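Subject: Structure handover

Hello,

Here is the structure we talked about. Please open it alongside these notes.

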Amino acid sequence: MRILITNNTLAKRAGSEVYVRDLALALLRRGHDPVVYSNILGEVAEELRRATVPVIDDLAALNTPPDLIHGQHHLDTMAAVLRFPQVPAIYMCHGWAPWQERPPVFPSIRRYVAVDDLCRERILTTPGIDADRVEVLLNAVDLKRFQPRPPLPERARSLRPILEHLAN
């Protein structure tokens with residue numbers, strides 16, 4: 001499946017940028033064809049390109065419509081759904097406060113996904129979005145990258161020897 005993922009920036013490693021990177025790489029590993037769109041490119045865009053994920057900053061470069069649009073951020077999602085109005089889309093809300101997270105309302109957006117209950121509330125307080133189209137999907141963690149640590153000792157070590165060493 002060819003999936004177009006949108007984000008307002010791919011310049012630096014931050015919350016939604018890392019989410020997009022991890023999502024695109026996971027989809028690629030599962031045999032899908034992710035394409036990532038953003039107006040602002042940078043180190044995350046280059047990281048995705050090195051991993052063979054196409055990254056575009058102009059939707060006209062996408063000559064074949066995707067099978068699905070995974071939209072994040074209002075303007076970028078709207079650009080994608082306006083360019084491909086017949087393609088079904090989902091919208092992912094990652095935050096309450098930023099204006100970029102304001103959920104767009106458009107006929108091809110079939111589902112709205114919130115990363116927590118507060119984001120769900122943001123979606124539900126947007127006129128034109130029915131509650132039956134909203135789901136909460138908590139943020140995930142890549143367990144291959146972040147392994148559980150060994151158990152803590154029964155008794156904590158004293159910091160005194162370390163502090164004395166640093167003082168000398």
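Contact here means heavy atoms within 4.5 Å. This is a predicted model, where local features need pLDDT of at least 70, side-chain atom pairs count only at pLDDT 80 or more, and totals for chains, interfaces and linings use all residues. Residues are numbered from 1 along each chain as its sequence is written, and side-chain values use heavy atoms, with hydrogens and water left out.

Two more conventions. Helices (H or I, at least four residues) and strands (E, at least two) are DSSP runs, numbered from the N terminus. Buried means under 20% relative accessible area, exposed means over 50%, and partly exposed is in between (1.4 Å probe, protein chains only).

Salt bridges

Start with Arg21. Arg21 sits in helix H1. Its relative accessible area is 5%, so Arg21 is buried. Beyond residues up to four places away in sequence, Arg21 touches Arg13, Val44, Glu47, Leu48 and Arg145.

Side chains of opposite charge can pair when their charged atoms come close. A salt bridge is a side-chain nitrogen of Lys or Arg within 4 Å of a carboxyl oxygen of Asp or Glu. The whole structure holds six of them.

Which residue does Arg13 meet at 2.3 Å, N to O? The partner is Glu43, side chain to side chain. Arg13 lies in the loop between strand S1 (2–6) and helix H1 (15–29), and Glu43 lies in helix H2 (residues 43–50), so this pair ties together parts that are 30 residues apart in sequence. Both ends are partly exposed: Arg13 has a relative accessible area of 45%, and Glu43 has 37%.

Arg13 also forms a salt bridge with Glu47, with the closest N and O atoms 2.6 Å apart. Glu47 is in helix H2 and Arg13 in the loop between S1 and H1, so the pair ties together parts that are 34 residues apart in sequence.

Glu47 has a salt bridge with Arg21 as well, at 3.5 Å, N to O. Here helix H1 supplies Arg21 and helix H2 supplies Glu47, so parts that are 26 residues apart in sequence are tied together. Through shared partners, salt bridges join Arg13, Arg21, Asp22, Glu43 and Glu47 into one network.

Lys12 is found in the loop between S1 and H1. Is Lys12 buried or exposed? Lys12 is exposed, at 58% relative accessibility. Not counting residues up to four places away in sequence, Lys12 touches Glu17, Glu43 and Val44. Lys12 and Arg83 are 71 residues apart in sequence, and their C-alpha atoms are 26 Å apart in space.

Nonpolar cores

A nonpolar core is a set of buried Ala, Val, Leu, Ile, Met, Phe, Trp, Tyr and Cys residues joined through side-chain atoms within 4.5 Å. How many residues are in the largest one? The largest nonpolar core has 26 residues. Those with the most contacts inside it are Leu4, Ile69, Val81, Ile109, Tyr112 and Ile123. Elements giving two or more residues to this core are strand S2 (33–37), H3, strand S5 (89–93), strand S6 (109–114) and helix H4 (117–124). Another core lies apart from it, with 13 residues, among them Leu10, Val20, Leu23 and Ala45.

Val81 touches Ile69, Ala89, Phe106, Ser108 and Ile109, leaving out residues up to four places away in sequence.

Helix H3

The buried residues in H3 are His74, Asp76, Thr77, Met78, Ala80 and Val81. Their cover includes S1, S2, strand S4 (68–72), S5 and S6.

Thr77 is worth a look. Thr77 is found in helix H3 (residues 74–83) and counts as buried, at 0% relative accessibility. A polar atom of the Thr77 side chain lies 2.8 Å from the backbone oxygen of His73. Neighbours within four places in sequence aside, Thr77 is in contact with Thr6, Gly71, Gln72, Tyr91, Pro104 and Ile109.

Surface patch

Leu159, Ile162, Leu163 and Leu166 make a nonpolar surface patch of about 420 Å². Patches are made of residues with over 30% relative accessible area and no salt bridge; like charges are joined within 9 Å, and nonpolar side chains (Val, Leu, Ile, Met, Phe, Trp, Tyr) within 5 Å. Accessible areas come from the Shrake-Rupley method with a 1.4 Å probe; for residues, only the protein chains shown count as cover. Leu163 is found in helix H5 (residues 160–167). Leu163 is exposed, with a relative accessible area of 54%.

Best wishes

Methods:
Polar contact = N/O pair within 3.5 Å; in protein donor to acceptor, adjacent residues only side chain to side chain.
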